[in-house]
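Subject: Structure for you to look at

Hello,

Here is the structure I promised to pass on. Please open it beside this email and follow along.

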Amino acid sequence: MTAKLPSRILIIGATGNIGKYITAAILSAEPRVADQVSIFTSHATASSPAKQAILSSWQSQGVSVITGDVNNPEDVRRAYGGVDTVVSCLGRDSLASQIELLKLAEESKDVRWFFPSEYGTDVEYDASSKEEKPHQNKLAVRGFIRENVKRVKCTYLVTGPYIDMFLPLVPIAEDTGGYDPKSKRAVVVGSGDDKVGFTSMPDVGKLVVAALGHPEASVGRVLKVQSFVTTPNAIVEEFEKQTGTNWAVEHTPNQRLREVEKEKSDANNPIATLYTLKRIWAEGGTLYEKTDNETLGLKPGDMEPLSAAVTRAISGKEY
């Protein structure tokens with residue numbers, strides 16, 4: 001496929017945690033990245049009172065809302081009509097359904113470019129990645145693409161952890177690390193000096209827009225992008241700076257994190273996923289010699305700094 005800017009974009013999972021940031025960025029992009037933007041959502045979502053404000057706002061900006069079941073092939077075929085680019089923003093529990101979405105895209109006469117929902121941890125970072133339980137659905141999607149998707153070209157946008165989701169201290173898993181502005185307390189994994197690469201959720205949207213706007217650099221590629229690299233201790237310092245007080249800091253040894261991860265995994269406790277991801281991030285699974293930000297025309301100053309994410313966390317603003 002000759003690198004070509006998208007014309008009609010369909011977003012799947014637009015109202016989800018990351019989907020709303022991606023959709024907002026696509027709609028506010030200057031210059032515009034497409035002539036027409038549609039979202040494909042369930043009847044339940046389209047009729048939910050909690051979603052009306054955001055859906056009405058998008059519709060006022062020209063978005064077409066297509067309702068249907070993502071697991072119904074006929075509904076998906078209808079949504080694909082006239083669409084050249086599909087941006088999937090499906091969450092972890094729905095990742096495997098992308099295999100059928102890709103199959104239908106490959107069969108369609110219109111879809112030529114597909115962004116699987118790859119935002120987050122690099123599932124092929126190194127040889128050990130294939131063994132990680134949380135990676136299996138994404139790996140299955142990648143395997144299906146390699147073996148079966150030939151006409152449609154795919155772009156994987158790998159962002160590493162979202163700083164917005166990394167910061168909160170999870171009550172049922174405090175030993176995985178986090179920061180609590182109310183109690184001025186932090187839990188960090190290991191020494192706290194190990195670097196981690198992060199992307200803010202608003203920046204995920206910005207990076208998707210950049211990839212859509214630079215097809216010559218993004219079509220058919222795995223793009224590894226980030227907002228910034230920092231350490232857990234530097235995050236504590238930023239919270240202390242913005243709150244004007246010293247924080248109480250506790251540490252979870254890396255080995256302890258691994259032990260609890262195994263306990264939770266052996267018990268089939270879903271929280272094991274959080275332990276696995278926090279362990280991967282703490283052990284360097286987000287670091288690269290060079291990212292693809294500049295390939296997409298983005299400079300360091302174009303990305304949100306750590307301070308912006310910390311300010312949101314202190315204000316209590318939900319992601």
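Start with the lining of the largest cavity: by class, it has 9 nonpolar, 4 polar and 2 charged residues. Keep in mind that this is a predicted model.

**The cavity**

How many cavities of 30 Å³ or more does the structure hold? The count is 1. The volume of the largest cavity is about 120 Å³. Its lining is made of 15 residues, and Phe166, Val189, Val196, Pro232 and Ala282 are the closest to the centre. How is such a space found? Rolling a probe the size of a water molecule over the atoms shows where empty space is left.

Which elements supply at least two residues each to this lining? Strands E8 and E9 do, and so does helix H12 (272-282). Two of those elements, E8 and E9, also belong to an open sheet, so go there next.

**The open sheet**

This sheet has 3 strands, in the order E8-E9-E13. Its pairing is mixed. Strand E8 (178-180) and strand E13 (248-252) are the edge strands, and each pairs on one side only. From one strand to the next, the twist averages 15 degrees.

Take the E8 side of the sheet. E8 and E9 are antiparallel and pair over 3 bridges. Find Gly178: it stands opposite Val187 in E9. The two strands form a hairpin, with 4 residues between them. Look at Lys184 in the turn, where phi is positive, at about 55 degrees.

Now take the E13 side. Strand E9 (residues 185-189) pairs with E13 in the parallel sense, over 5 bridges. Arg185 has Ala248 as its bridge partner in E13. Ala186 has Val249 as its bridge partner there.

Is E9 mostly covered or mostly open? Mostly covered: 5 of its 5 residues are buried. Arg185, Val187 and Val189 lie on one side. Ala186 and Val188 lie on the other. Both faces are covered.

**Around E4**

Move on to strand E4 (residues 85-88). Thr85 and Val87 point one way from this strand, and Val86 and Ser88 point the other way. Those residues are all buried.

Which strands pair with E4? One is strand E1 (residues 8-12), which runs parallel to E4 and is joined to it by 4 bridges. Another is strand E5 (residues 113-115), which pairs with E4 in the parallel sense over 3 bridges. Val87 is the bridge partner of Ile11. Val87 also has a bridge partner in E5, namely Phe115.

Next, trace the chain through E4, helix H5 (residues 98-107) and E5. Together they make a right-handed β-α-β unit.

**One proline**

Last stop: Pro116. It is found in the loop between E5 and helix H6 (136-148). Is Pro116 buried or exposed? Its relative accessible area is 1%, so Pro116 is buried. Finally, compare Pro116 with Ser38. They are 78 residues apart in sequence. In space they are 17 Å apart, C-alpha to C-alpha.

Best wishes

Terms used:
Residues numbered from 1 in each chain as written. Predicted model: local features only at pLDDT ≥ 70, side-chain atom pairs only at ≥ 80, totals over all residues. Heavy atoms only, no water. Pairing = 2+ DSSP bridges. Axes fitted to C-alpha atoms, helices over the stretch in contact; angles between N-to-C directions. 1 Å grid on protein atoms, 1.4 Å probe; cavity = no way out; pocket = protein on both sides within 12 Å on 5 of 7 lines; lining within 4 Å. Points joined across faces, edges and corners; volume = space filled by probe spheres on them. Nonpolar A, V, L, I, M, F, W, Y, C, P; charged D, E, K, R; others polar. Buried < 20%, exposed > 50% of the residue type's maximum accessible area, 1.4 Å probe, protein only. Right-handed = clockwise from strand over helix to strand, strands pointing away.
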